[in-house]
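Work through the exercises below with the sequence and the model at hand. Try each task before reading its solution.

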Amino acid sequence: MKLLEERIRRDGKIREDGAVLKVDSFLNHQIDVGLYNEIGKEFFRLFADERVTKILTIEASGIGIACIAGQYFDVPVLFAKKSKSKNIDGGVYTARVESFTHGKVYDVMVAKEFLRPEDRVLIIDDFLANGAALDGLIQIVREAGAAVVGAGICIEKAFQSGGERIRAKGVRVEALARIKSMGEDGVEFC
């Protein structure tokens, strides 16, 4: 998606260590709603034939993107929570997820009442690096007996192993911007 690539080139910031791409001025802290709309449209174009019944993401950065995409698919959006709260009644599906960005391990959960075996689930997230979050969400969908129809990712760090590993499991991954490398000279896309 050229629009996203251009925005990353213009407003993305690479941290000194070359491992972190900051896109918080438009994607995952301050939100460019017009850009989100174009992203949602593109995910719909890519997955329209998959008969999606539910979109799943993980809190927090994926929620806004998933909601916009959910409008195009006209389906509910469900997000995995990173901590149990008093308002989750009944059973939950859980998975252990290590966050590359935060350097923490979370037990993410989805209430069983919202994920059914007949669901055809599209997973959406802002980043794919090592693939831990995506792995966890796939595990939850499969534990529910539902079908993972694919994963829509805004930015994939293709130089890390996550995307290749998830694709090798037979999951369709569509990344709107695939980064081949990043460093002092900026970002190079695949």
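**Exercises on a predicted model**

Cys190 is exposed, with a relative accessible area of 54%; exposed means over 50%, buried under 20% and partly exposed in between, with a 1.4 Å probe and protein chains only. The model is predicted, so local features need pLDDT of at least 70 and side-chain atom pairs count only at pLDDT 80 or more, while totals for chains, interfaces and linings use all residues. Residues are numbered from 1 along each chain as its sequence is written, and side-chain values use heavy atoms, leaving out hydrogens and water.

**Exercise 1.** Find how many disulfides the structure holds.

Step 1. A disulfide is a pair of cysteine sulfur atoms within 2.5 Å.
Step 2. The structure holds zero disulfides. For Cys154, the nearest cysteine sulfur is that of Cys67, 13 Å away.
Step 3. For Cys190, the nearest cysteine sulfur is that of Cys154, 16 Å away.
Step 4. Cys154 is buried, at a relative accessible area of 0%.

**Exercise 2.** State the strand order of the six-stranded open sheet and find which strands stand at its edges.

Step 1. Strands (E, at least two residues) and helices (H or I, at least four) are DSSP runs, numbered from the N terminus. Two strands pair if DSSP finds at least two bridges between them.
Step 2. The order is S4-S3-S7-S8-S9-S10, with mixed pairing.
Step 3. Strand S4 (77-80) and strand S10 (186-189) are the edges; each has a single partner strand, so one side of each has no neighbour in the sheet.
Step 4. S9 (residues 173-183) and S10 run antiparallel and are joined by four bridges. Ile179 stands opposite Phe189 in S10.

**Exercise 3.** Describe the aromatic pair of Phe44 and Phe73.

Step 1. Rings of Phe, Tyr and Trp (its six-membered ring) pair if their centres lie within 6.5 Å; planes under 30 degrees apart are stacked, over 60 edge-to-face, and the rest tilted.
Step 2. The structure holds two aromatic pairs. In the one formed by Phe44 and Phe73, the centres are 5.0 Å apart with 75° between the planes, which is edge-to-face.
Step 3. This pair links distant parts of the chain, 29 residues apart: Phe44 lies in helix H2 and Phe73 in helix H3 (residues 61-73).
Step 4. Phe44 is partly exposed at 31% relative accessibility, whereas Phe73 is buried at 11%.
Step 5. Ring pairs join Phe44, Tyr72 and Phe73 into a cluster.
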